[in-house]
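Reader: Hello! I am new to this structure and would like to learn how to read a few of its features. Could you walk me through them?

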Amino acid sequence: GTALVSDCWFDGTLSLGSTGIQGGGFVGLAETGSNTVFEHCLNSGTLSGSYTGGALMLGGFVGNVYNSTVTIRDSLSVGKINATQTWRGSMIGRLQGNTSTGVGVVNISNSYFNNEDGCEARFNGVRNQNGTCATFPTGLTMEQLRGENATTNAADLSFTDKGEGVHWVTGETYPTLRVFTQ
């Protein structure tokens, strides 16, 4: 089946200790065969980790997509990732596929991320290893997301009624979900 995560906001802190391998603002591991859909979601939280025994995977939405499918639409990631020597992405930390058991797939549409961290900008918000990512989110600076700038620069977010209702409102620092301002 499909897990739907809708109208959610992660604004906390996730700190993985020395044994933590994968963490995300919403999901740590999207495991083999799973199908997860995020729509109208916002990550403004902080992720960090200190695992040094191998690959540490941190993502604003999902830490590790392994042989599964993740869809992200009409969403925004402006959170911080404080870790070095790691797989990290503002939306997806690591996208993995295994050719013998299947391929990890990420589909992203009408979504944006803060591109002011060099690692996330270089990898378009998704660190990819043997997976398929047909479309990437659009990277913007925090200034481009501030106030009314967002309605122009992140116009694909539903600031106005597009037949599905209004989901986003402008904010002093970045857009927020309308459901949390009512």
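Predicted model: local features only at pLDDT ≥ 70, side-chain atom pairs only at ≥ 80, totals over all residues.

Reader: Which strands pair with E6, and over how many bridges?

Author: Strands (E, at least two residues) are DSSP runs, numbered from the N terminus. Two of them pair if DSSP finds at least two bridges between them. Strand E1 (residues 2-6) pairs with E6 in the parallel sense over five bridges, and Ala-3 has Thr-36 in E6 as its bridge partner. Strand E11 (residues 69-73) also runs parallel to E6, joined by five bridges; here Phe-38 is partnered with Ile-72 of E11.

Reader: How many residues of E6 are buried?

Author: Buried means under 20% relative accessible area, exposed over 50%, and partly exposed in between (1.4 Å probe, protein chains only). In E6, four of the five residues are buried, so the strand is mostly covered.

Reader: Where does His-40 lie, and what does its side chain touch?

Author: His-40 sits in the loop between strand E6 (35-39) and strand E7 (42-43). It counts as buried because its relative accessibility is 5%. A polar contact is a pair of N or O atoms within 3.5 Å; within protein, one must be able to donate a hydrogen and the other to accept it, and residues adjacent in sequence count only if both atoms are side-chain atoms. The side chain of His-40 makes one with the side chain of His-167 (3.4 Å).

Reader: Is Gly-60 buried or exposed?

Author: Gly-60 is buried, because its relative accessibility is 1%. It belongs to the loop between strand E9 (57-59) and strand E10 (62-66). Contact means heavy atoms within 4.5 Å; leaving out residues up to four places away in sequence, Gly-60 touches several others, including Phe-26, Asn-43 and Met-91.

Reader: How many disulfides does the structure hold?

Author: A disulfide is a pair of cysteine sulfur atoms within 2.5 Å, and the structure holds zero. Cys-8 is in none, with the nearest cysteine sulfur, that of Cys-41, 4.9 Å away. That is too far for a bond. Cys-41 is buried because its relative accessibility is 0%, whereas Cys-8, at 26%, is partly exposed.

Terms used: Residues numbered from 1 in each chain as written. Heavy atoms only, no water.
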